[in-house]
Amino acid sequence: MTDLTRLTITEAAAKLDAGEVSAVELADAHLAAMDAARDLNAFITETPEIARQRAAQSDARRAKGDAMGPMDGIPIAVKDLFCTEGVLTTAGSHILDGFTPPYESTVSAKLRDAGAVMLGKTNLDEFAMGSSNITSYYGPVKNPWKGADGKELVPGGSSGGSAAAVASGMAMAATGTDTGGSIRQPGSFCGIVGMKPTYGRCSRWGIVAFASSLDQAGPMTRSVEDAAIMLQAMAGHDPKDSTSAPMQTPDFRAQLRDGAKGLRVGIPKEYTLDGMPGEIQALWDQGRQWLEDAGAICTEISLPHTDYALPCYYIVAPAEASSNLARYDGVRYGLRVDGGSLDEMYENTRGEGFGAEVRRRVMIGTYVLSAGYYDAYYVKAQKVRSLIAHDFKQAFADIDVVLAPTAPSAAFAIGEKMDDPIAMYLNDVFTVPASMAGLPAISVPAGLDAMGLPLGLQLIARPFDEVTLFRAARALEDAAGFEGLK
Amino acid sequence: MSLTREDVRKIAFLARIRIADEELDSLAGELNNIIGWVEQLSEVDTDGVEPMTSVAEMTLPQRVDAVSDGGVPEKVLANAPDREADFFTVPKVVE
């Protein structure tokens with residue numbers, strides 16, 4: 001019998017349509033897998049009752065001939081940054097203790113309305129601030145992959161629980177959010193596809209805000225086609241998010257099988273880092289070769305401000321976070337720690353409610369926005385951000401996609417890089433530039449390092465050109481022939 | 001420039017985050033490392049460059065100024081750590 005927890009969405013949808021499996025059977029198989037792999041700590045909240053109920057509804061629809069499309073009956077996990085009606089939503093933070101939203105985020109509502117079956121809410125770095133899932137109040141997530149030395153590894157972050165769930169067979173797919181790499185980097189660390197759409201493609205309404213000019217929801221899946229299918233259900237204009245793009249959603253699978261022939265691929269020379277592991281460079285070279293063998297034309301390009309993207313991000317994102325997280329005041333929801341005055345109550349609540357990394361970022365953000373420093377830091381960063389976006393715009397005059405590594409290393413051990421924030425930030429060195437420019441990007445699992453750990457390659461495309469991004473990603477996926485965990 | 005212990009105390013108050021006295025020095029060190037690192041942006045020539053204020057090249061849409069929601073005090077108050085009737089409560093702020 002086929003292992004139901006190793007299917008792609010594409011395969012499962014075919015089996016559902018053929019009557020070979022029911023949505024309830026799929027849900028039960030995944031709930032059993034969640035039970036068996038609970039030590040990974042991938043979920044903060046499991047929702048088996050909701051899963052069984054939605055699966056039964058999906059089967060009833062299908063029996064009447066009313067199945068809604070390829071997501072109908074597909075068991076998915078939802079990052080615990082998406083507000084879910086009546087289900088605890090924590091953002092991985094102590095400060096949201098007990099928060100049960102009375103509403104559903106637009107993206108999770110769209111998935112629900114497409115028939116997807118929610119299995120639970122996945123663990124994440126606190127407020128999505130991290131690259132290893134170790135900043136979660138609910139504890140670290142373990143990567144289901146283990147290196148040759150047997151150490152417990154991080155799944156990446158911030159969408160670490162989602163990545164671990166998909167890689168380990170606990171969920172067929174999962175939602176993630178990506179602010180500076182939080183979908184793509186854990187995708188690379190866990191050997192799955194992680195896709196960040198163009199800023200504005202998916203509504204941010206109902207997603208706990210980290211950095212509003214960067215946050216974007218996206219799919220985390222076992223194949224490029226699955227990512228296209230899932231994004232189809234997630235995307236679309238939403239009047240409740242003024243930055244959501246008022247445009248038609250294209251058929252993301254339109255060119256999926258067109259191959260790489262004639263694609264113009266840019267290889268940014270600035271992405272070659274001093275001290276980058278040789279196997280990252282080798283995989284990148286291999287990726288270029290694969291695309292050329294498939295008929296793509298690869299050329300070296302220059303994105304001259306690449307080096308400044310990460311420090312620029314670490315001004316812009318904390319600034320926006322300090323503003324967004326001002327709402328956690330102990331008054332309207334979540335944790336409250338009493339104090340003698342209103343200010344003391346705020347200070348006590350936020351002092352106890354925020355973890356070390358969130359505290360650091362809120363304070364950096366507060367500082368760079370404070371009187372006397374605003375121009376020197378924040379406005380300067382916004383100008384550099386314009387230059388970073390301009391670099392891409394110029395490059396895309398001559399190319400269709402950019403090929404780069406996703407992360408500068410494979411997954412590292414839990415506990416490493418803990419005491420050096422900047423070393424941790426460097427995880428996102430290849431993912432942050434596309435975030436700063438609002439561009440769609442995807443990590444495709446492409447190979448293994450010497451320890452047997454997955455490595456991803458990243459593709460970046462023009463704004464709203466996800467169709468070309470998926471086409472190139474599929475070509476890369478076909479050439480790489482990556483085998484996920486069995 | 002470098003943040004002092006007192007600067008950190010001030011920033012913490014602006015952010016309304018209680019920091020224990022014995023943490024101020026280590027936090028100053030951490031914040032100074034990060035600020036020192038982001039200061040490399042000063043190398044970049046940004047003369048005449050417009051700051052990026054919108055990621056998507058679009059004008060924010062205006063909506064009709066009409067009430068579209070409301071009348072749900074129970075939903076609004078459901079997550080309040082403390083409430084009285086249809087109100088959130090805070091420590092006394094007037095004498």
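Colleague: Which residues of α7(A) are buried?
Modeller: A residue is buried if 20 or more other C-beta atoms lie within 10 Å of its own, exposed if 12 or fewer, and partly exposed in between, with C-beta atoms placed from the backbone. Helices (H or I, at least four residues) and strands (E, at least two) are DSSP runs, numbered from the N terminus. In α7(A), the buried residues are A:V224, A:E225, A:D226, A:A227, A:A228, A:I229, A:M230, A:L231, A:Q232, A:A233 and A:M234.

Colleague: What kind of model is this?
Modeller: Residues are numbered from 1 along each chain as its sequence is written, while chains are lettered from A and ligands numbered from 1 in the order in which they are written. Local features need pLDDT of at least 70, side-chain atom pairs count only at pLDDT 80 or more, and totals for chains, interfaces and linings use all residues; the model is predicted.

Colleague: Why is α7(A) largely enclosed by the rest of the structure?
Modeller: Helix α7 covers residues 224-234 of chain A. After α7(A) comes A:G236, with a positive phi near 135 degrees. The helix is largely enclosed because the count of buried residues is 11 of the 11.

Colleague: Which are the edge strands of the sheet in chain A?
Modeller: The sheet is open, with 11 strands in mixed pairing, ordered β1-β3-β2-β4-β6-β5-β10-β11-β9-β7-β8. Two strands pair if DSSP finds at least two bridges between them. An edge strand pairs on one side only, and in chain A these are β1 (43-46) and β8 (297-301).

Colleague: In β8(A), which residue is the bridge partner of A:I267?
Modeller: Strand β7 (residues 264-268) of chain A runs parallel to β8(A), and 5 bridges join the two. In β8(A), the partner of A:I267 is A:E300.

Colleague: At about what angle does α2(A) run to β3(A)?
Modeller: Axes are lines fitted to C-alpha atoms, for helices over the stretch in contact, and angles run from 0 to 180 degrees between N-to-C directions. Residues are in contact if their C-beta atoms, placed from the backbone, lie within 7 Å. Helix α2 (residues 23-36) of chain A lies across β1, β2 (75-79) and β3 (117-122), and its angle to β3(A) is about 20 degrees.

Colleague: Are α2(A) and α3(A) roughly parallel or roughly antiparallel?
Modeller: The axes of α2(A) and α3(A) (residues 48-63) come within 7 Å and cross at roughly 160 degrees. Angles under 35 degrees count as roughly parallel, over 145 as roughly antiparallel, 65 to 115 as roughly perpendicular and the rest as oblique. The crossing angle therefore makes α2(A) and α3(A) roughly antiparallel.

Colleague: How many residues of chain B on the side that touches chain A come from α2(B)?
Modeller: In total, 37 residues of chain B contact 54 residues of chain A. The elements giving two or more residues to chain B's side are α1 (5-14) and α2 (24-38) of chain B. The largest share comes from α2(B), with 6 residues.

Colleague: How many other C-beta atoms lie within 10 Å of A:N133?
Modeller: A:N133 sits in the loop between β3 and α5 of chain A. Its phi is positive, near 65 degrees, in a residue other than glycine. A:N133 is buried, and the number of other C-beta atoms within 10 Å is 35.

Note on methods:
Two residues are in contact if their C-beta atoms, placed from the backbone, lie within 7 Å.
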